[in-house]
Amino acid sequence: MCWKFSLIESTHKEVHIFTDVSKDAIAAVAFLKVWKDGENCDVGFLLGKAKVAPTHGHTIPRLELCAAVLGIEIAEIIKEQWTLSKRIFDSILTVKLHSAI
């Protein structure tokens with residue numbers, strides 16, 4: 001990652017996880033957004049993961065749920081490797097669960 005300023009100098013951090021599916025694949029990606037002050041922010045890629053979708057027997061809504069699970073798995077990996085606030089990950093899980101319903 002290339003940052004304009006140090007992560008230590010940052011005043012606020014957010015992890016954003018996006019998921020998407022098609023009939024062929026399931027994917028999730030995580031980005032870190034950091035602010036040095038109230039106005040200056042920077043975004044960097046953290047982690048991405050993709051899987052081939054099953055050939056038959058799954059509908060797109062079912063694959064969307066699989067993508068949500070993949071996104072939560074990515075959040076857990078990041079949570080284990082980084083010392084970020086628990087509040088950040090609670091909000092990720094809430095967003096994923098609400099978007100899956």
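Colleague: Why is cysteine 66 called partly exposed?

Modeller: Its relative accessible area is 29%. Buried means under 20%, exposed means over 50%, and partly exposed lies in between (1.4 Å probe, protein chains only). So 29% puts cysteine 66 in the middle class. One caution on the source: this is a predicted model, where local features need pLDDT of at least 70, side-chain atom pairs count only at pLDDT 80 or more, and totals for chains, interfaces and linings use all residues. Residues are numbered from 1 along each chain as its sequence is written, and side-chain values use heavy atoms, with hydrogens and water left out.

Colleague: What makes cysteine 41 partly exposed?

Modeller: Cysteine 41 has a relative accessible area of 32%, so the middle class applies again.

Colleague: How many disulfides does the search find?

Modeller: The whole structure gives 0. The test is a pair of cysteine sulfur atoms within 2.5 Å.

Colleague: What makes the contact between aspartate 24 and lysine 23 a salt bridge?

Modeller: The N to O distance between their side chains is 3.4 Å. The rule asks for a side-chain nitrogen of Lys or Arg within 4 Å of a carboxyl oxygen of Asp or Glu. The pair passes, so it is called a salt bridge. By this rule the count is 1.

Colleague: Is lysine 23 buried or exposed?

Modeller: Lysine 23 is exposed, because its relative accessible area is 61%. Aspartate 24 stands at 48%, so it counts as partly exposed. Over the chain, 29% of the 101 residues count as buried.

Colleague: How many helices and strands are there?

Modeller: The chain has 2 helices and 3 strands. From the N terminus, the order is β-β-β-α-α. Both kinds are DSSP runs numbered from the N terminus: helices are H or I with at least four residues, strands are E with at least two.

Colleague: How do you know that S1 pairs with S2?

Modeller: Pairing needs at least two bridges found by DSSP between the strands. S1 and S2 share 10 and run antiparallel. A hairpin through 3 residues joins S1 to S2. Lysine 13 faces valine 34 in S2, and isoleucine 17 faces alanine 30 in S2.

Colleague: How many bridges join S2 to S3?

Modeller: There are 11, and these strands also run antiparallel. Their hairpin has 5 residues between the strands. Alanine 30 turns up again here, opposite leucine 47 in S3. Leucine 32 stands opposite glycine 44 in S3.

Colleague: In what order do the strands form the open sheet?

Modeller: The order is S1-S2-S3, with antiparallel pairing. S1 (12-21) and S3 (41-52) are at the edges: each has a single partner strand, so one side of each lacks a neighbour in the sheet. The twist averages 15° from one strand to the next.

Colleague: Which strands does helix H1 lie across?

Modeller: H1 (residues 60-81) lies across S1, S2 and S3, at about 40° to S2. Axes are lines fitted to C-alpha atoms, for helices over the stretch in contact, and angles run from 0 to 180 degrees between N-to-C directions. Contact means heavy atoms within 4.5 Å.

Colleague: What percentage of the chain's contacts between residues at least 6 apart in sequence join residues at least 24 apart?

Modeller: The figure is 57%.

Colleague: What is the accessible surface of the chain?

Modeller: It comes to about 6700 Å², and 59% of that belongs to carbon and sulfur atoms. The method is Shrake-Rupley with a 1.4 Å probe; for residues, only the protein chains shown count as cover.
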